[in-house]
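The following exercises concern a structure that is to be examined alongside its sequence. Each task is followed by a solution in steps.

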Amino acid sequence: MLLSPACLLLPLVATAADLDFARQVHPLLLARCGSCHSGAFAQAGLRLTTRADMLAGGVSGPAIVAGSSERSLLIARVTGARQPRMPFNAEPLADAEVAILRRWIDAGAPVTEARPARRSTRPLALRAPKVNAGPDRVLDALVTRYLGSAIAPPVADALFARRLYLDLWGLLPTPEQLDEFERDRRPHKRTRLAGSLLADADKYASHWITFWNDHLRNDEGVVYHGERKSITQWLLGALRENLPYDRFVRALLNPEGPAAPDGFLIGVNWRGDVSASQIPPMQAAQNSAQVFLGVNLKCNACHDSFISHWKLKDAYGLASFFADKDMEMYRCDVATGEIATPSFLFPELNGSSVVATPAERRAEAARLFTMRENGRLPRTFVNRVWKTLFGRGLIEPADDLDAPAWNEDLLDWLASDFVGHAYDVKHLLLRIMSTRTYQMPAAGEPFKPGEPFRFRGPLPRRLGAEQFADAVGSITGEWRLIVPRQSGEARHAREWQLKSTALTRALGRPIRDQVTTERLAQPTTLEAIELANGQTLAEILSRGARRMRGEITPAPVAIFDSGVASAAKVIGDVPLRDARRLWLLIEDVDSYDPRRVVAGWANAMLEGQGGEMVRLRDLVPEPRPERGAIHFRGDRKPAEALLGAVPSAIEIDLGAADFTCLHFAAGVDQQSLASDINPRIRFFVFTEEPDRRRLIPPAGEPPVRAASWPKDPSSLVSRLYRHALARDPSPLERGVALEFLAAGRTEGLDDLLWALFSSPEFQYIQ
Amino acid sequence: MPRKLAKELLAGLSRRDFMRASAGATLAALEAGAPRPVWPAAGSKIEPRADTLILLWMAGGMAQTETFDPKEYTAFETGLESKAVLSTFPAIDTKVDSIRISQGLERIASVMDRATLIRTYQAGDLGFILHSRHQYHWHTGYAPPLSVAAPHLGAVIARSLGPRKPDVPAFLDIGQNLEIGAESDPLKAFHTAGFLGAEHGPFLVPDPLEAAASVRPPAGMSQERFRGRYERYRKLIEASPMMKHGSGFHRESLLRAQENAHRLLSSPAAKAFDLSLEPKESFDSYNTGRFGLSCLLARRLTEAGARFIEVTTEYIPFRHWDTHENGHTRALAMKREIDAPVAQLVLDLEERGLLDRTLIVLASEFGRDMMVEGRPDKRVRDQVSQQPEVMTEMKHYGMHRHFTEAGSVLLIGGGVKKGFLYGRTADERPCKVIDRPVRIEDLHATMYHALGIPPDLAYEVEKRPFHVTRDGKGRPITDVFA
């Protein structure tokens, strides 16, 4: 363990003597004396890690006498005035270093006073503010009282629907969905719409899983050669069934059973030594405190915090719940000799039950986090939900629940209502979305730095990377695919289901090594460059425009697909029927070193009607073959083309000949079988020209059914605006949009799509 | 941080803020939670010696004894004892009497009189050799896992100094493909600006020959169409009823980002990315392969006004400098790849009068040895296929193990001493550091110092300071500066 200390925090304040213990003295002692004089087995019983340690001293007596370096043993030892000189058998301290120690001792050995942010004055338990209104009206009543005036009239139906669809499904409402909603004349139709969107468990889960992936650091398939485990399946299930939030948290903190989300407690680990502040129990403590309780333990996982009231022992107390046994405490990666036992951040909740075994520890943590008396759990969560829906929390930063809320009553009422409804997350969402407050027009202007925040309505919120990609997909019909490893059909994917791309990383999909509770909404130049000329979006738009104009025919299906193959030979006897041409393709899947993979088709033969065989390697290469003859299309000799680097493609003209079967033994060349290449490739045979981007065509419906786009440019523009922005174009806009389409070419539509998707109105939830 | 202090700091930063604003970030970014700098308590202003930093990254662990720290040479013969071999190349003279380097680096030897050579870089002791984790540590100064996302060195520089020219991204990364198979994710984990925010992240140019495409319209789109698309886009935005009401602040931030992107993509500076514009003779003098051409691109971008450029031989497990076997032959090939372009880069920058204000740093995540994995006193699990005691084949001949005790770093230009040797390693195995060790925080502090950034500069994240060198403790090696 340890040896890569990264105490990220050092105090910014200097002491009266202009010398800082934590910044100047402690690191010096740590570096020069720490290897012997620290921890449970400190030499001569002397630890030099804290002021108290030094005053207490070891077998030779106190190490320091505060106020007198002359009488301090520490100085006598490091100067050699008293033998043996320290550090023992090592280079003596430099004069400047001794001077620092002297000055510090002479100044009375001061220890920097932390300037802790004040602990919240809010009681831990929830209060239930009294409001003279029915439960449906309380939020609005509190906001009206706060504003001192009536809440602004709600936004129009379509804008409301766009908000709601993006907030609940992460998808744009289609023009048909908008029409239906606008035509609806029933009372409470907005609440009804929210209810019906919430009722679609799959779509709801497919959106909110991104929120949780960010918070819980869950990322599919990202490993660092150390332990890490996906909790996607559990998370998806929990969201689909709307697992009550208290049970949700309990399952994460105390995973039981094979399907349990133990990946959360396992954390993100790299092979090798890690700082004591990043071992798995400490990661679990930091992350659970931050995400569920709005407590930042990052500083005090290493030392007492200088910016909050949290102490090193608080972090270890919590971490000990997630360890197998009591933990020895390390201060800045140096053992202190003190042992931490499980103790909750809010000691008033600590129980009296025995907490010894690992299972008991986790169970107790789960109980403490979620007990009714712990109002911090629901407050933290409702604040995060509020922040997600309004762009800013009732408390900011949302990771520091000790900070004041702009409306304490609102916070506590909402949290109480949430708990009172059995921690039902969908209830909470519906409660907020039914208010006039949620339906207020967006308040666009930024607050000036330094000025206190005043709530004036929801802030415009940037589409998340996944929302953006899915919105583009729903309009263009271009979705990424999940390709099975065995031969079979592909499935359309929502963006969250696959690894990030250059596009989604540019749009803010985080690397989930750390908890992400807020994605920065600020547009950046790098991201604008990615949108302007990145290959990912360019391909989506160009295919999308063709698709919308009906120019894309369904991709042909292979007559042979080996599935993912590695070392074994793939024997194929593929029946041919009326084939005029053949394409033999080899694609890399995810070889360790794809550039060194050599693969090919051995003994490839065509069998004729009468059983006669034609060896592919005997064919004649011909860039432009004549009709009717069997030819290898291309310039290379068949023997070279049949075995080579991957990916590769061979085209064969069968002419008029009538073959019944293609035989081959496909595989990886011996020299590519080394473990540092680790080939994983896939062989395909097609009889129609394959679509290289859709070798395995998708089956089934895409996440949003593809629209049929009007041929008439003006109608197309109308539909496009309606889908992308939930409104009709103004006459002026229609004019410009039609300019894009004037030449009647696909690229005009491609460019119009780009312009719309790059517009602020598209990229923000207004 | 007290608000008053913050205000003063920001007032002091107004010029830089202006530059950043002009480059795409906006003052609104500060409000949006972008990290603010916390200047060091005892920091005095450092006069920058260099405006640009070029990091030449020897990815995969460059064997110091086969490059810049040659030891006794033993020629290959069958039956040779492994432990008898310290270097598989003879040493050659350089322009500097006191410095000898390894055969195969003749061109670099000829410019050694412009360089400072550090032979005593000690890599992080991370308990296990994982190239990408050591590279993460080298590039950020911190070893993962971490509780906050650490920024890449280039991002720190981009954030602290901003771009030199608004049309050239402040942080350019040339030659590294991030999709390299098994270690892709660890690479991505540090090729970021971390908590500093994506604005300061790397502008990635995986292939120098395709660099022009990264500042051109997407494939298949003419310049004319690209310009026309943007012009109509502006018209469409102006025609939008949202221009009259709705959120001005967000709209403007986004439009400014688009404006910056399009200015960059159509600016004359974008020509710097296009290697086809380089005269043939010059192109050929760099063209030893991808790395060589990346050096050429770095030169062009330095001329155009780049701030930080990393040029890599590219990390791919078991390739390039990651010599697990056949080390001699592969080191020879790598030296052929780097020798001419590195020297040419130095000469070209010098000829253009840019070398004095450009610091070139050539470095690697650790060194190599034939026998020792890790450090002599702290061995780690051997990850290299068996090195036999007695060599029977040429492929056994070379530095195959990961040696973290000592490695070489070359510094050129940017105000460093010329023809200067810093630090010494033992001449007998284990070739330990025996004089003036250099740790990553000190190396970072040295690079930052050259650029005028104090080593204890910190950025505020979650209300706490994050120092640009580990805990603010890096100390510049002032000895290397002229």
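**Exercise 1.** Determine whether strand E8 (residues 581-588) of chain A is enclosed or open to its surroundings, and identify the strands with which E8(A) pairs.

*Solution.* The model is a predicted one. Begin with burial, for which the cut-off is under 20% relative accessible area. Six of the eight residues of E8(A) are buried, so this strand is largely enclosed by the rest of the structure. Next, consider the pairing. Strand E14 (residues 648-653) of chain A runs antiparallel to E8(A), with six bridges between them; within this pair, A:Trp583 is opposite A:Glu651. Strand E16 (residues 681-686) of chain A is also paired with E8(A) in the antiparallel sense, over six bridges. Here A:Asp588 stands opposite A:Ile681.

**Exercise 2.** Describe the open sheet of eight strands in chain B: state its strand order, its edges and its twist.

*Solution.* The order is E7-E6-E8-E2-E9-E14-E5-E15, and the pairing is mixed. At the edges lie strand E7 (203-205) and strand E15 (420-422) of chain B, each of which pairs on one side only. From one strand to the next, the twist averages 15 degrees. For one pair in detail, take strand E6 (residues 171-174) and strand E8 (residues 308-312) of chain B, which are parallel and share four bridges. B:Phe171 has B:Phe308 in E8(B) as its bridge partner.

**Exercise 3.** Characterise helix H19 (residues 465-476) of chain A by its span, its burial and the residue that follows.

*Solution.* H19(A) has 12 residues and covers 16 Å from first to last C-alpha, close to the 16 Å expected at 1.5 Å a residue. As to burial, 12 of its 12 residues are buried; among them are A:Glu466, A:Gln467 and A:Asp470. After the helix comes A:Gly477, with a positive phi near 80 degrees.

**Exercise 4.** Locate backbone exceptions to the following rule: most residues other than glycine have a negative phi, and most peptide bonds are trans.

*Solution.* Consider phi, then omega.

1. A:Ala44, which is not a glycine, has a positive phi of about 55 degrees. A:Ala44 lies in the loop between helix H1 (21-33) and helix H2 (51-56) of chain A and, at 42% relative accessibility, counts as partly exposed.
2. B:Glu314 also has a positive phi, near 80 degrees. This residue is in the loop between E8 and helix H13 (327-351) of chain B; B:Glu314 is buried, with a relative accessible area of 2%.
3. The peptide bond from A:Glu396 to A:Pro397 is cis, with omega near -5 degrees. A:Pro397 is in the loop between helix H16 (376-390) and helix H17 (408-420) of chain A.
4. A:Val646 and A:Pro647 are joined by a cis peptide bond with omega about 0 degrees. A:Pro647 is in the loop between strand E13 (643-645) and E14 of chain A.

Key. Residues numbered from 1 in each chain as written. Chains lettered and ligands numbered in written order. Predicted model: local features only at pLDDT ≥ 70, side-chain atom pairs only at ≥ 80, totals over all residues. Heavy atoms only, no water. Helix = DSSP H or I, 4+ residues; strand = E, 2+ residues; numbered from the N terminus. Expected span 1.5 Å × (residues − 1). Buried < 20%, exposed > 50% of the residue type's maximum accessible area, 1.4 Å probe, protein only. Pairing = 2+ DSSP bridges. Axes fitted to C-alpha atoms, helices over the stretch in contact; angles between N-to-C directions.
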